[in-house]
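This report describes the helix packing, the domains and the chain contact of the structure shown below. Each part is treated under its own heading.

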Amino acid sequence: MYGIGLSLFDTNLVNRWDFVGLDNYGRLARDSGFLDSIVITFAFAFMVVAGNLVVGTGLALLLNRGLRFTTFFRAVLILPWLFPEVVVALIWKWMYNPVYGLFNHDLQAMGVIDEPVAWLDDPNLALVAVALAAIWKGYPLVMVLVLAGLQTVPKELYEAASLDRAGGFGKFRHVTLPGIRPVLLAVIVLETAWWFKHFTIVWLLTNGGPAGATNVVSIDIYERAFKNFQWGDAAASAVVVLIICLALSAIYQKVLHRDDS
Amino acid sequence: MTRNATRSGSGVAYGLLVLSSLVVLVPVAWMLSTALKSSDELFSQTVRWLPLNPSLDAFARVFTDYPFATYFMNSIVVVTASTVIAIAFATFAGYGVSRFEFRGRGSLMTFLLLTQMFPSIMLLIPYFKLFQTLGLIDTRTALVIAYVSFQLPLCTWMMVGYFRSVPTELDDAAAVDGSGRIRTFFQIILPLTMPGVAATAIYAFISGWNEYLFALVLTSSEDKKTVPVGIGQLIGQYRIEWNDLMAASLYALVPLTLIFIFLQKRIISGMTAGAVK
């Protein structure tokens, strides 16, 4: 609430409180930097959520086959979820290091690239590189949730599908997918909201650079508030993000309701 | 399906599982390898998995050359305090929601879930201003308050799930035997939900231990910073001492790994209890 109030003022938080109404929002709407950062954030959130879903669901399906050593694999695969985001950023920054990093070394050894690539300093690559690190951190949660969802799919359905001569893919499409649909939907929307407002990994890997290529909206707000002290603008941007997140959650509730009926 | 087809299917499955485990383990092994290297070896063009002269110097330097002892102390104090407070409130709130009918119960639950949608960056500015007014900027108290505020909703949500799994007949039976509400709660219901309390506490502890953004903004002096902020500010420096940083990160992973090894099953069931129902 205070944030919304603040977004209507031009203020330094201490003694200057000029009421400017919706001017902050108007300026934001014309601010190409802010609009760019919204677009970048959508791209980032989309890549991460899609990556998490594919990797997380895939691994959950593998873990659900009742193979031996499943407990071991599950323990290893869940590790990144446990890691602090700061540590994840650190590991990846070191691996992406153009001169001493593991990435360039291995890719050169395999002959994929001829010369070192500056992953985090190339405006075309930085966002993808950052998203990769975020997927590494983010997929275990999806995996665990989908795994739990898979336990609720009745075994009889698979037997019935076998009787109907359904192949592996047919079973997945007609039995598994409908069974875990509610979990998947919940995961998609929660994940989108989480990664839409994500700050730490991107900030520590690139500071929003190079040339604003990874300037996600959280970084934009952080810089407005704590670097430039444009509190009103920052609060207005935060309100815009909140509205986007709430819109996403409204869609979520609606979809879930349709599911119940 | 023939047996051969099933077997080759399992082969592919194993292959994929091993591959993804490698994707997880290689960076971790690389981190360990880096921490054991000397600064000279770190900046050599050849990538070596096994350090030439492995040494534990970096692990010692973390505490001698940097104020990480202070950072760790701060992290432990702040996160323990906030976890205890959040759990205390969450158990009462969870019990209340699961046992009593009151107006707005449904909307309370929705609201708790909705707080997950709030961008933390949006809460950051009001919190900053609030703590500034109260003179709490750059204190551990401010961090504890902030952490409780975002641990509490999720903890309450999880605890409601656990209390619902305890049949209300137990409450009724205790009431018939002349036990008051409070006594019933502490002597009968709470002991039964202890596994749930433990899972929730672990969840809260991990989320607090890993938190970065609030700690970054709300603290400024060296003796108030937490471990993530300490590591984070070293990443931003021009010349990064990778071996020291990796050693510090490995220390930061210790409490989490210990918790995880001993309580793996419980964490996973706790994570999923609220989400799937």
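## Helices 7 and 10 of chain B

Helix 7 of chain B and helix 10 of chain B pack with their axes 10 Å apart, at an angle of about 155°. The structure is a predicted model. Angles over 145 degrees count as roughly antiparallel, and helix 7 of chain B and helix 10 of chain B are therefore roughly antiparallel to each other. The crossing of helix 7 of chain B and helix 10 of chain B is right-handed.

On the side of helix 7 of chain B, the residues in this contact are Y147(B), Q151(B), C155(B), M158(B), M159(B) and Y162(B). They meet G196(B), T200(B), Y203(B), A204(B), S207(B) and G208(B) in helix 10 of chain B. Sorted by class, the contact of helix 7 of chain B with helix 10 of chain B has 7 nonpolar and 5 polar residues, and no charged residues.

## Helices 4 and 7 of chain B

Helix 7 of chain B, residues 140-164, also packs with helix 4 of chain B, residues 68-99. Here the angle is about 35° and the axes are 6 Å apart. The crossing of helix 4 of chain B with helix 7 of chain B is right-handed. The residues of this contact comprise 22 nonpolar, 8 polar and 2 charged.

## Overall make-up of chain B

Chain B has 13 helices and 0 strands. Read from the N terminus on, its elements run α-α-α-α-α-α-α-α-α-α-α-α-α. Chain B has 277 residues, of which 38% count as buried. Among the contacts in chain B with a separation of 6 or more, 77% are accounted for by residues 24 or more positions apart.

F186(B) lies in helix 9 of chain B, which spans residues 181-192. A residue with 12 or fewer other C-beta atoms within 10 Å counts as exposed; F186(B) has 11 and is therefore exposed. F186(B) and G230(B) are separated by 44 residues in sequence, and their C-alpha atoms are 40 Å apart in space.

## Domains of chain B

Chain B is divided into domain 1, residues 3-55, and domain 2, residues 58-276. The contact between them takes 7 residues from domain 1 of chain B and 9 residues from domain 2 of chain B.

On the side of domain 1 of chain B that touches domain 2 of chain B, the elements giving two or more residues are helix 1 and helix 2 (39-42) of chain B. Helix 1 of chain B provides the largest share of that side, 4 residues. By class, the side of domain 1 of chain B that touches domain 2 of chain B consists of 4 nonpolar, 2 polar and 1 charged residues.

## Contact between chains A and B

The contact between the chains takes 56 residues from chain A and 49 residues from chain B. Several helices of chain B each supply at least two residues of the side that touches chain A: helix 1 (3-35), helix 6 (120-134), helix 10 (194-209), helix 11 (213-218), helix 12 (227-235) and helix 13 (242-276). The residues on this side of chain B divide into 37 nonpolar, 11 polar and 1 charged.

Chain A contains 12 helices and 2 strands. The order of its elements from the N terminus on is α-β-β-α-α-α-α-α-α-α-α-α-α-α. Chain A has 261 residues, and 44% of them count as buried. Residues 24 or more positions apart make up 69% of the contacts in chain A with a separation of 6 or more.

Within chain A, helix 4 (residues 70-82) and helix 7 (residues 126-151) pack at an angle of about 120°, with axes 7 Å apart. That angle makes helix 4 of chain A oblique to helix 7 of chain A. The crossing of these two helices of chain A is left-handed. Helix 4 of chain A contributes L77(A), I78(A), P80(A) and W81(A) to the contact, while helix 7 of chain A contributes W136(A), K137(A), P140(A), L141(A), M143(A) and V144(A). By class, the contact of helix 4 of chain A with helix 7 of chain A has 9 nonpolar, no polar and 1 charged residues.

Terms used. Residues numbered from 1 in each chain as written. Chains lettered and ligands numbered in written order. Predicted model: local features only at pLDDT ≥ 70, side-chain atom pairs only at ≥ 80, totals over all residues. Axes fitted to C-alpha atoms, helices over the stretch in contact; angles between N-to-C directions. Parallel < 35°, antiparallel > 145°, perpendicular 65-115°, else oblique. Left-handed = near helix turned anticlockwise from the far one by under 90°. Contact = placed C-beta atoms within 7 Å. Nonpolar A, V, L, I, M, F, W, Y, C, P; charged D, E, K, R; others polar. Domains from an automatic or database assignment. Buried ≥ 20, exposed ≤ 12 C-beta atoms within 10 Å, placed from the backbone.
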